[in-house]
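Try each one yourself before reading its solution.

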Amino acid sequence: MTTNQITVTLNNGLAIPALGFGVFQASPEDTVTSVTTALQGGYRLIDTAASYGNEREVGVGIRRSGIDRSEIVIESKLWISDYADDKPEVGFEASLRRLGVDYVDLYLLHQPTPADFDDTIAAYQLLERKLAEGKVHAIGVANFSPDHLTRLLDTVDTVPAVNQVEVHPYFTNATVQHADTTLGILTQAWSPIGGIHRYRPSDGAGAGNVFENPVITGLAAKYGKSPAQVILRWHLDEGRSALPKSTHANRIAENFDVFDFTLTSDELAAIDALDTGLRGGPDPELLNTRTFPRAVDNS
Ligand SMILES: NC(=O)c1ccc[n+]([C@@H]2O[C@H](COP(=O)([O-])OP(=O)(O)OC[C@H]3O[C@@H](n4cnc5c(N)ncnc54)[C@H](OP(=O)(O)O)[C@@H]3O)[C@@H](O)[C@H]2O)c1
């Protein structure tokens, strides 16, 4: 299938689709169906993680789609329970095994562990080795602040290709985006349509459902698009990658139908101005294996 998908070129030359598909919190059964539906509907980037517990089903969904693996960008992440000692190698190999592939296109550290940053560095150095071996085509990080990026780059050789962080109209994460841009790192937006405020409504101190914001609904009416489509176009027009998740076929299609309009610079600025400064997800500064004791089972 040909689409007018936007392609972004990472700092190591790898070209990836700007709009991808996320599977966090998708049940194993829903993951197979939604990945197949997304690929058959034109998506070519699937974002998963060892800690989502659905890498196997992502692999099944890819194989069922009938689309050649070489046309698909598979992105996965190493969880913090696998940062220390020999665990990064074990965790990476287990992800390959679960996905049923012999390489992943993009492989990230899922979180920094600021209080045990030596572990974060050791895990990233495993990513660098996998890059050199050709088992990964680009490496990156997620949930890194500018300070975490500085601490990492003080030691390692490879500038991350992406930093996957929470970005939606109610949390624009502008400081992180600025640091990413300065370092040549692509910002990838997780919870791009503000999902975290809907499935964890007690978080975010009342930031609420951005789909109901009048700036968003006004632009949706102007362009004959849905609120989700307006927000996804805001990400693309500002040069980010975005990874919306849905387990509903109609929404999977809706979220991909964003390549026939663009927002003006004033409209982008109006959406930027909705920032509340309140993240919906956990503060990355506080993450470690004690505050998040859940471990990935690599058996
Ligand atoms: N690196 C990290 O730490 C991290 C953290 C969180 C997420 N992520 C990645 O980012 C992806 C997306 O983030 P997310 O899942 O938190 O949030 P999201 O994509 O912003 O929102 C997903 C939520 O919105 C609903 N939805 C999707 N499309 C919709 C539409 N067109 N209209 C109305 N509702 C819609 C979904 O429900 P239904 O499924 O019921 O349609 C789901 O509840 C994840 O799947 C994962 O791949 C990464």
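**Exercise 1.** How are H9 and H11 oriented to each other?

Before starting, note that this is a predicted model, in which local features need pLDDT of at least 70 and side-chain atom pairs count only at pLDDT 80 or more, while totals for chains, interfaces and linings use all residues. Residues are numbered from 1 along each chain as its sequence is written, and side-chain values use heavy atoms, with hydrogens and water left out.

*Solution.* 
- Step 1: locate helix H9 at residues 227-237 and helix H11 at residues 265-272. Helices are DSSP runs of H or I with at least four residues, numbered from the N terminus.
- Step 2: take the axes, which come within 10 Å and cross at roughly 110 degrees. Axes are lines fitted to C-alpha atoms over the stretch in contact, and angles run from 0 to 180 degrees between N-to-C directions.
- Step 3: classify the angle. Under 35 degrees counts as roughly parallel, over 145 as roughly antiparallel, 65 to 115 as roughly perpendicular and the rest as oblique. H9 and H11 are therefore roughly perpendicular to each other.
- Step 4: find the contact (heavy atoms within 4.5 Å). H9 supplies Val 230, Trp 234 and Asp 237, and H11 supplies Leu 268, Ile 271 and Asp 272.

**Exercise 2.** Work out the orientation of H5 and H6, and name the residues that meet.

*Solution.* 
- Step 1: the axes of H5 (residues 146-153) and H6 (residues 174-183) come within 9 Å, crossing at roughly 30 degrees.
- Step 2: H5 and H6 are therefore roughly parallel to each other.
- Step 3: Pro 146, Leu 149 and Leu 153 of H5 meet Thr 175, Val 176, Ala 179, Asp 180 and Leu 183 of H6.

**Exercise 3.** Which residues come nearest to the ligand, and how much of the ligand's accessible area does the protein cover?

*Solution.* 
- Step 1: among the 30 residues around the ligand (a heavy atom within 4 Å), the nearest are Asp 47, Tyr 199, Lys 245, Ser 246 and Arg 251.
- Step 2: look for polar contacts (N or O pairs within 3.5 Å). A ligand oxygen atom lies 2.6 Å from an N or O atom in the Asp 47 side chain, and a ligand nitrogen atom is 2.9 Å from one in the side chain of Gln 164.
- Step 3: the protein covers 91% of the 900 Å² of accessible area (Shrake-Rupley, 1.4 Å probe) that the ligand has on its own.

Key: Helices (H or I, at least four residues) and strands (E, at least two) are DSSP runs, numbered from the N terminus. A polar contact is a pair of N or O atoms within 3.5 Å; within protein, one must be able to donate a hydrogen and the other to accept it, and residues adjacent in sequence count only if both atoms are side-chain atoms.
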